[in-house]
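Okay, thanks for having me. I'd like to talk through how two chains meet, so let me put it on the screen.

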Amino acid sequence: MTTLTAGTTLPATRRTVPLFRLYRAELRWIFRRPRTLVVLGLLAVIPAIIAIALAVGGTPEGPPGEQGGDSLFATAAGNALVLPIAALTAGLALLLPLVTAMSAGDAIAGELAHGTLRGWLLAPVGRGRLLVVKTLGVATFTLAAVLVMAVVGVVAGLAMNGTGGLFTLNGTTLSFAAALGKVALAAGWVTLQLWAVGAVALAISACTEHPMLVVVSVLAGTILSTVLLQLSAVDWLHPFLLPQSWEALVDVLRDPMPGDMLGQGAIRASCYVVIGLSLAYARITTRDG
Amino acid sequence: MTTSFEVEAGASGEAPARPSALAARTRGLRKVYRGTVAVDQVDLEVPEGAVLGMLGPNGSGKTTTIRMLLGLVRPTEGEVELLGHRMPEQAPSALPYVGALVEGPGFHPFLSGRENLRRLAAAEPQLSFSDIPQAVEDALERVGLGGAAHRRYRGYSLGMKQRLGLAGALLVPRRMVVLDEPTNGLDPAGTREIRKIIAELHAEGVTVLVSSHLLAEVEATCTHVAVLHDGTVVAQGELDELLESGNDGLLVSTPDGDRALEVLRENRISSRLAPEGVRADITTATAPQVVAALVHGGVEVHEVKRERTGLEDLFARLTQNDADADGLSEVDEVRA
């Protein structure tokens, strides 16, 4: 009885599961979750509501070409290109970071709270691989969220204005393809900014069992950064704050496009991604599961 | 008292123990959580093919020990070996062959039982991608959840959740299965089914480690027992030996108790009346001598068996404070 399995050699089996299989299972889990679908639905509604409000509200008051939210929205009323960008700018200010934080909070802290992370750890999935899968999941969800907003924004903009009014803030007209390219560029840039948020959120998520804490931390961080950016007394701090370049998104609407701020923002976001994921890795590999 | 148990259990075990025949072993295991010592000096040995019941009051360190055994928690001190691999460093070599249900079932409420298992199976290195659906269905059938597999986990009863957890541990053929309180929340029928599954695993040669605070359950299913108290192992060994150790009585059932007493006294074997006959002391005489004496003396002997402590008594004796234990042993003597 005791010797039955003691000396026998086991059939050679793979010790690890292909990463893609785990990624697939992770996506299945993310996109089957009712919360995910509700959030994506809400994100789709926002550009649509803005479009309806602009259509009902009538002609814009201010002259086009000025920076800032109001004038941007006003411009959107007569310009199909502006609506998706305006929606993304509005979303990036608070809503999209929150949605990212929610996803990152569920990814580790939420799974830990449900006791479901244990199942994969015991399979076993190595902790480094687990973080890779979780990161890819959050990144994919964030990309989906941005794409939903952008696509609905483009469709709503076209429904409102047709393809006729595709011009930049400087007044030059764009071809339809060039306009779509600009929207895609904006969507990609916003996604990168959100990945930065997501990396930090994953680091927080690896430290707690409460997904809500992740959301609150990101909310607090975003608001605090925005406030600090208004204070010139701490301007030495500004280059380190992620939202520093978020206003630059409107630059994609200019012709020629000023790339300084956008490039700076992309570099800053990449630094955040590296630092956030490093912290998350350090924590997830040492914590008791 | 506790030390004498350990010595006896160790000494009376099959003398030259094969070192390779252990499915799991811990040595000097210690875990401190923020200044609180959860377990200390745990030397646990799980023989291959055994069904080892881990007994202990709440907070005695059962779950912490199991978590360290599975590499979920890094020990503060000490070593863990699981299927011959050091944990947690060599977890990828050991864990694919170990199924576990730890700290209750953990599943996503918004997914069905089947979807939950598929997610779990996706991470199982022993399963190829195309085998996943079949493995999931088999595991569901095995625990009797086939009919409820499509329902959301949210709506499962406690017993069904527990069974789904068990299904997760049995997704692929294992060499060892670790079950932490598997019958929590199960009705008597469910408990019987778990027992049946443990017996099946045992028959297949799978090593089973089951923690429980239900003594009857352990007594019914286990071949080995380890008793934990205050974070240390106070006794371990084969169940039968543990129950017999510390007892030196032979129970003889006979309709003619007085005559038996007389015969035994003549043979200088101390004895006294017991409910169904006599209890003979075998510290000086051996069991065959007692039987021979009785038969030669013309006493009708219906049945002879070693006196056993109930697991409950043993458990109480091992896990009580010294003061309480003294009082209890007096009671034991009176009863015996």
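Let's start with B:Arg119, which makes a salt bridge with A:Glu26; the closest N and O atoms there are 3.4 Å apart. By salt bridge I mean a side-chain nitrogen of Lys or Arg within 4 Å of a carboxyl oxygen of Asp or Glu. Between chain A and chain B the count is 5 salt bridges.

Before I go on: this is a predicted model, where local features need pLDDT of at least 70 and side-chain atom pairs count only at pLDDT 80 or more, while totals for chains, interfaces and linings use all residues. Residues are numbered from 1 along each chain as its sequence is written, chains are lettered from A and ligands numbered from 1 in the order in which they are written, and side-chain values use heavy atoms, with hydrogens and water left out.

Together the two chains bury about 3,700 Å², 56% of it on carbon and sulfur atoms; that's accessible area (1.4 Å probe) lost on putting the two parts together, summed over both. On the chain A side, A:Arg21, A:Arg118 and A:Leu122 supply 17% of the area buried against chain B, more than any other three residues.

We get 0 disulfides over all chains, a disulfide being a pair of cysteine sulfur atoms within 2.5 Å. B:Cys222 is buried at 9% relative accessible area, and A:Cys271 is partly exposed at 41%. Buried is under 20%, exposed over 50%, partly exposed in between (1.4 Å probe, protein chains only).
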